[in-house]
Amino acid sequence: MCLFHKKRSLSLCLLTVLLTVCFFHSYSLTAYATYEELAEEAEARKQLPIQSNQIENWPVGPEVSAQSAILMDADTGVILYAKNIHEELYPASVTKIMTCLLAIEHGNLDDMVSFSREAVFSVPGDGSNMGIDVGESLPLEECLYGILVGSANEVANGVAEYVAGSIDHFIDMMNACAKELGCLNTHFVNTNGLHDDNHYTSAYDLAIIARSFFQNEMLCKIGNTARYHFEPTATQPDDFYKVNKHKLITGEIPYEGVLGGKTGYTDQSRQTLVTCAEQNGMKLICVVLKEESPSQFTDTVELFDYGFQNFQILNIAENEEQFNIDKVDFFQSDNDIFGNSKPILSIDNSGYVIVPNMADFSDLEYTIDYNAAGEDHVAEIKYFYSDTFVGSTYINLADYTKSTYDFDTEAPDSTDISVERVESPPSEDEDTIFINVKKVLLGILIFAVVVICLFIIRAFIINRRSYRRRKRRVNRKKHRRERMRSSLDDFDL
């Protein structure tokens, strides 16, 4: 009986070993086949059309293996490279740039963020995390390092609860913010980018979100950190480092002018990447979605090179010659009784266009949008090259202050004459007339000179006429005397 059980146990052991070997052999074959399939898919994605290459006289962009890719100027929103930029795809952990954007807008960096059970255990333990335990807490600033450098999923949840009170309310804020920024194909269902069929965005929408993200200096600093040391505290006992997986940030793939970025990966999204870099005054954002490693980095470098080498930035106010607003003298404003005058209307000197290197400002067409009028501008000028938007600027109203001047003649020192300027904002119910005092005085002076000259001429003419009349009378009297003398000469007295 015992021998039977021993043989049975031995058979079971052999069967288990055999099944295990077969399983691992099958898994290796499956993995190898999957790798081949992924490589074939990546190669097929290279053949997808690039929409920006279809623009007339536009520089030809590189073929990348990403399903979707965009290169956008961070300041103007001009799109330099476009490939399926509105396709709905899974973002993975690049979702966290929105999480951090809302956190820094609505939080205080010194505030402590406590971690609840839901924040810690609602994410898989084998995903990206920092090993934070329930009840521990970190300053919000360190949480942002944990999210952007360590891509910690549970930290993103903890920050969401700190900002909004609950994860669900924070997700509502994410979607509202995306809509406010102008996103077209975005819907968030979590704070970290873990896969969900209803959690999606597009390359265009991510670039729009990244524009706001990279306008914040603190987020740029944190998002451009290669390695961060988390030291033990009274509320977090562990001592550890987190290393950024973004190879352009760590320097593993060196690139000049990198300002930061965020990596992402799930089995469904594949590799995703958002990066910002600046060279020669041009700040570009690159987004690639659904790539295979390490192409997300090498394609990003190739796209940055394409943008920095093929496009130029032109100041609109320095190049615009059609409006000549600065030469209009009819309406002037000035804040000083005898000070410098400036036009009421002027082109905003902070507006730029991004155009191909071979293009000239005169090649651009424009439209004027009066619906964009605001408190300090009356219209927006939008510029186009080959029907493609390349930048915009505003026609601004000049700043002025209606002022009165009070002179204090009772100063302790008779040599010290103080001038107190009392400012009062213009009434909205009153019509304001702008007067250039210097030009008015000049006009009065010219008028006075003309009037005086007319009086002088008139006096000269009158005096000349009087002189001629007197001369004629004198001549007549002289002639009469001569006739009388001649008549007397006829008599011999």
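This is a short tour of one predicted model, stop by stop.

Residues are numbered from 1 along each chain as its sequence is written, and side-chain values use heavy atoms, with hydrogens and water left out. Because the model is predicted, local features need pLDDT of at least 70 and side-chain atom pairs count only at pLDDT 80 or more, while totals for chains, interfaces and linings use all residues.

**Stop 1: helix α4**

Select residues 140–148, helix α4. Helices here are DSSP runs of H or I with at least four residues, strands are runs of E with at least two, and both are numbered from the N terminus. Eight of the nine residues of α4 are buried. Buried means under 20% relative accessible area, exposed over 50%, and partly exposed in between (1.4 Å probe, protein chains only). Among the buried residues are Leu140, Cys143, Tyr145 and Gly146.

Glutamate 142 is buried but has no salt bridge. A salt bridge needs a side-chain nitrogen of Lys or Arg within 4 Å of a carboxyl oxygen of Asp or Glu. The nearest side chain of opposite charge, lysine 221, is 11 Å away. (Lys and Arg count as positive, Asp and Glu as negative; His and the chain ends are not counted.) Show Tyr228 and Phe230 too: glutamate 142 is in contact with both, leaving aside neighbours within four places in sequence. Contact means heavy atoms within 4.5 Å.

**Stop 2: the largest pocket**

Select Ser93, Ser128, Gly264, Tyr265 and Thr266. Of the 24 lining residues, these lie nearest the centre of the largest pocket. β7 (258–266) gives the largest share of the lining, five residues. β8 (270–279) and α10 each supply at least two. The lining divides into five nonpolar, 15 polar and four charged residues. Ala, Val, Leu, Ile, Met, Phe, Trp, Tyr, Cys and Pro count as nonpolar, Asp, Glu, Lys and Arg as charged, and the others, Gly among them, as polar.

**Stop 3**

Go to proline 294, in the loop between β9 (282–291) and α10 (295–310). The peptide bond from serine 293 to proline 294 is cis, with omega near 5°.

Next, asparagine 57, in the loop between α1 (2–46) and β1 (68–73). Asparagine 57 has a positive phi of about 60° although it is not a glycine. Asparagine 57 counts as partly exposed, at 49% relative accessibility.

Finish at aspartate 387, in the loop between β16 (377–385) and β17 (388–397). Aspartate 387 also is not a glycine, yet has a positive phi of about 65°. At 69% relative accessibility, aspartate 387 counts as exposed.

Conventions
On a 1 Å grid over the protein atoms alone, a cavity is a set of points where a 1.4 Å probe fits but cannot get out, and a pocket is an open set with protein on both sides within 12 Å along at least five of seven lines; lining residues have an atom within 4 Å of a point.
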